[in-house]
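Take it one stop at a time, and turn the view as you go.

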Amino acid sequence: MESTNCEKTKYLQYLLDKQLDWIQKSDTKASVLLSAIGVLFTLLINSRFYGVVVNCAHYLFIRDKVVLLLLIILLTIGLILVFTGGFFLFFTLIPRLKNISHEQFHIFFGDISQNGLTELRDYFCKDFDPNNDLVNQIFVNATIANIKMKNCNIGIKFICLGFGTIFLVTLISSIGLSM
C-alpha cells in the first residue's frame, strides 16, 4: 500500500514538473519575441531608416499616389498586428490567478501566505495525504499553462503576420524604387 502511494506521489510530482516546464517555455517564447519587437521598433525609429522611408514615400507620392496609399495602409496593418501580438505576448508573462477556482491546499504559495504559519504547521504535523495538494497544484498550473500557451500562440501568429506584412511593404517599395 505504501509503495503504490509513493508511486502516485512521484507520478504527481512528475506531472507538476511538466506543467511548470510548459509555463517556463511559454514565458521564454514570449520574452524572446518581445525582445524581437523591441529591436524592430528600434530600427524603425532609427533616423537613417526613417530617412529612407521618407525618400521612398516622396518618390512614390510624385510617381503613383495609389501605390503609396496601399503601402501606407499595409504598413499600418502590419504595425497594428505586431502591436496586438505584443500585447498577447505581454499577457503571457502575467499569470491570472484570481480567475482560477481551486480548493485550498498547502503547497500553493498564495494559500500558504493566506493561512499563516500556524495552520501550515498543524497541517503537516497531523497525518496528511500530499497527493490531494499535488492534484490541486497540478490543476492550477495546468490552467495557468493553458492560458499562457493560448496567449503565446495567438501572439506568435499576430507577430508573424505583422512582420510578414512589413516585409512585404519593404519588398514592394524596394521593387517600386528600382523601376
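Let's begin at Q19, which lies in helix α1, the stretch covering residues 2-45. This is a predicted model, so the values here are computed from its coordinates. Is Q19 buried or exposed? With a relative accessibility of 17%, Q19 counts as buried, because the cut-off for that class is under 20%. Leaving out residues up to four places away in sequence, Q19 touches I138, N141, A142 and A145.

Stay on helix α1 and look for D27. Which residue does the side chain of D27 meet in a salt bridge? The partner is K148, with an N to O distance of 2.7 Å. This pair links distant parts of the chain, since D27 sits in helix α1 and K148 in helix α6 (residues 130-178), 121 residues apart. The structure holds 1 salt bridge. The two ends of the pair fall into separate accessibility classes: D27 has a relative accessible area of 22% and is partly exposed, whereas K148, at 4%, is buried.

I94 is placed in the loop between α3 and α4 (109-115).

The residues visited so far, together with one more to come, can be set side by side:

| Residue | Relative accessibility | Class |
|---|---|---|
| Q19 | 17% | buried |
| D27 | 22% | partly exposed |
| K148 | 4% | buried |
| I94 | 34% | partly exposed |
| F91 | 35% | partly exposed |

I94 belongs to a nonpolar patch on the surface, which it forms with F83, F87, F90, F91 and L93. Together these residues have about 550 Å² of accessible area. One of them, F91, is found in helix α3 (residues 65-92).

Which residues make up the largest nonpolar core? There are 9 in all: A30, I37, L40, F41, V82, L89, C152, I159 and I166. The elements giving two or more residues to this core are α1, α3 and α6, and α1 gives the most, with 4 residues. Apart from neighbours within four places in sequence, V82 is in contact with I37, L40, F41, F158, I159, G162, F163 and I166.

Stepping back, the protein has 6 helices and 0 strands, so the order from the N terminus reads α-α-α-α-α-α. Of its 179 residues, 28% count as buried. Among contacts between residues at least 6 apart in sequence, 85% join residues at least 24 apart. The protein exposes about 12000 Å², and carbon and sulfur atoms supply 68% of that area.

How far should you trust the picture? The mean pLDDT of the protein is 77, and 70% of the residues reach 70 or more. Confidence is highest in α3, at a mean of 86, and lowest in α4, at 60. Where pLDDT is low, the predicted coordinates should not be read in detail.

Conventions. Residues are numbered from 1 along each chain as its sequence is written. This is a predicted model: local features need pLDDT of at least 70, side-chain atom pairs count only at pLDDT 80 or more; totals for chains, interfaces and linings use all residues. Side-chain values use heavy atoms; hydrogens and water are left out. Patches are made of residues with over 30% relative accessible area and no salt bridge: like charges are joined within 9 Å, nonpolar side chains (Val, Leu, Ile, Met, Phe, Trp, Tyr) within 5 Å. Accessible areas come from the Shrake-Rupley method with a 1.4 Å probe; for residues, only the protein chains shown count as cover. A salt bridge is a side-chain nitrogen of Lys or Arg within 4 Å of a carboxyl oxygen of Asp or Glu. Buried means under 20% relative accessible area, exposed over 50%, partly exposed in between (1.4 Å probe, protein chains only). Contact means heavy atoms within 4.5 Å. A nonpolar core is a set of buried Ala, Val, Leu, Ile, Met, Phe, Trp, Tyr and Cys residues joined through side-chain atoms within 4.5 Å. pLDDT is the predictor's confidence in each residue, from 0 to 100.
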